[in-house]
Amino acid sequence: MDRRKSIKSIILGGVAGGLAINGCKPGTEGEAGAAEALVQEEKHFGRTPEEKELLKKLHAEQFFNEHEMATLGVLCALILPANGTYGSATDAGVPDFIEFMAKDIPAYQTPLQGGLMWLDHKSNKDYGVEFKTATEAQQKEILDAIAFPDKENPTYEQQFFSLIRNLTVTGYYTSKEGIEDLGYKGNSPNVWDGVPEDVLAKHGKSYDPEWLAKCVDQSKRNEMAEWDDEGNLLT
Amino acid sequence: MQIKESSEIYDVIIVGSGAGGGMATKQLADAGLNVAVVEAGPFFDPADPKTMNQLKWNYESPRRGANTTRAFGEFDAAYGGWEIEGEPYTREPGTEFDWFRSHMLGGRTNHWGRISLRFGPKDFKGKTRDGHGEDWPIGYEDVKPYYDKVDKLIGVFGTNEGLENDPDGFFLPPPKPRLHEIFYINGAKKAGIPTIPGRLSMLTKRINTERGVCFYCGQCSRSCSVYADFSSGSCLIFPAQKSGGRIKLYVNCVVREVTTNEEGKATGVSYISKDDRKEYKLRGKVVVLAASACSSARILLNSKSKQHPNGLGNSSDLVGKYLHDSTGASRAAFVPALMNRKVSYNEDGVGSNHVYSPWWGDNSKLDFPRGYHIEVGGGMKMPGYGFSFNPNEFNKFFGLKVGGYGDSLRDDVKKYYGSVLGIAGRGEGIARKENYCEIDPTTVDQFGIPVLKFNYKWSEFEKNQAKHMQDTFEEIFHNIGAEPLGEKPGKDRDYGLEAPGRIIHEVGTTRMGNDPKTSVTNKFNQLHDVDNVFIVDAGPFTSQADKNCTWTILALSWRASDYIIEQLKQQNI
């Protein structure tokens, strides 16, 4: 896209939504079938060559084995299951996110891998099956015992659960589905003109009229600023 | 080794392209001078889609914005960080300093908070006021005309409040406060702390036809693709190029030293090209250092010659001394009255606080001599990596169980979304000779250039100030019925006072003064020892203020540039 044109369109707010999704690179969508790693690398993030190199390296590695990935799939869907409106954390791709984060932040590797092994150990011991194939009731019985961490001295099992729960929730709410579920309205061109009346009323707040009088009149935002010699804005 | 030397002799060589270097580039090129700008990092234009981060979603990245590669998150615009591979710095054991560098055209102006505060009349005369530090050789009246011009050239929103030490200016109108900011205003008022609209260099209104108007995405830290916020490239260097200025950009070029002749005058700079790792020389009539306070000190200290055996401009032995950063401490709280928010609207606003509290206290009645201002954070932000870690931790304030899993977690996340208020203090520390950077004779970087070693300790003044911040924060939180999070940092943790350098307002390493024995530069940012070398970053600051330093860097760089033009005309340099 031509740079001047792209600036103009953002100012006008017209195509900015499309910009955000396509990364302003025509043709990206058309290259279907390319490996995910390649697509990721193609996306623009103002990344430095070193950062691109790191991404490429991490994408080429696989940390969790197939069984662990399958277990993560079951676990993430227990932590944030589908409801009537939205899919589960697993549907939103959270296991892949956790796989990436384990490579990106290596300190996560041992607690995650060890925690998953402990899950199987516990399930085998109590029910004679691996965690992923246990019944939902059995799985929940295991989780119930570790999902409410001791405030002072959480056990390693509790710490594992808190970590996997944090990654699941953050992974879900940073996904496209999760953002829609949350209802976040930003990250798009906007004209901020204060907190809506109904929201102010809900929280029992109001604007100080004296303060408001100093604020920008958004209907004049495109008029060129001019001042008198004392710094009083004239336009 | 043969060092390649340019045949062209530039009128001015400017080292660094951040706030100070950008302003010097604009003023000197606009005056018709032939300018070379030498920048350690790559070219960067916030409008280039290839390098643009603005309006990206976290799900477009596999790490969802985590800060693995960039300290302030992977979408932050700065190329660099607290540590840069192959370019180390060291610290005297038992002392602290963290140094944030951003190597790219525009430097740290690409990602900063855009808080643009003028120093006030009292800020230039600290010693007269309380006996600490040193007075500047200039006063507010010397800088005011330049602050006025900077306001108009670059654009800053705010309000004229008639405050004695927070001067009025030529402001664009500010945006209305967000919901959490209304809570803050009320809580601060009850504590007797005045709050006024923020003062940020973002265009809430058009100031020219070249730059766009803010569209309230809250992402100034990613650098604005429509140039609606201030960064040095978009607002200074590119416009100077566009209007026909003779500007040659040398990017990916790391300056090693200022070269000098037999008479001890500067003849140019030598630099290492990152592209071929060879050393080159540029020749110029005037050298302007704007590499950042510490980097410029490093260049001077490394510029040793027969004529300048102690480093360039260092006959006073003060280059690197009086290093000081802003103080900083913060606290966050859970605000029950901000629970269960309506998510019906876009609350991003501008990329920093719409309101702030300038220093209100009377230091003569306190156990610390200088003030601080308060910044506010919060709101319904875009979820990124780390969002809703411990999603129902605030249950503990209601005697409910913390933890669990299942569909109810979604309710917890929504219940608490946007209910945290953060408050941070940014204050003035005293410039002290004992706090300094120097060359570490035992360590070089990957380009063979000796690196800096830092030696910095906060004094009781700064710690007392941090204690006052913490008590103030708690009072404000109490006033709005908020529950402060975590333990209140006590004496054992210096009351939460951040390590020196963490606020990224480091100044003072080439301080200005009238006496060449007690200062490095004169009141026009010119080295006392070498009249064709100027420093236009924050190095010449005689003292910080309870303000951020960028607007003063810009004003002083413009003032120094006017002086350079005049001196060249008069053939004095």
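## Terms and model

Two strands are said to pair if DSSP finds at least two bridges between them, and helices (H or I, at least four residues) and strands (E, at least two) are DSSP runs, numbered from the N terminus. This is a predicted model, in which local features need pLDDT of at least 70 and side-chain atom pairs count only at pLDDT 80 or more, while totals for chains, interfaces and linings use all residues. Residues are numbered from 1 along each chain as its sequence is written, and chains are lettered from A and ligands numbered from 1 in the order in which they are written.

## Strand E10 of chain B and its partners

Strand E9 (residues 266-273) of chain B runs antiparallel to E10(B), with five bridges joining the two; B:Ile272 has B:Glu279 as its bridge partner in E10(B). The two strands form a hairpin with five residues between them, and B:Arg277 in the turn has a positive phi of about 55°.

Strand E10 (residues 279-289) of chain B also pairs in the parallel sense with strand E1 (residues 4-15) of chain B, over eight bridges, and B:Leu289 in E10(B) is the bridge partner of B:Val15. Strand E18 (residues 533-535) of chain B runs parallel to E10(B) and is joined to it by three bridges, with B:Phe534 in E18(B) opposite B:Val288.

## Contact between the chains

Chain A gives 76 residues to the contact and chain B gives 82 residues, where two residues are in contact if their C-beta atoms, placed from the backbone, lie within 7 Å.
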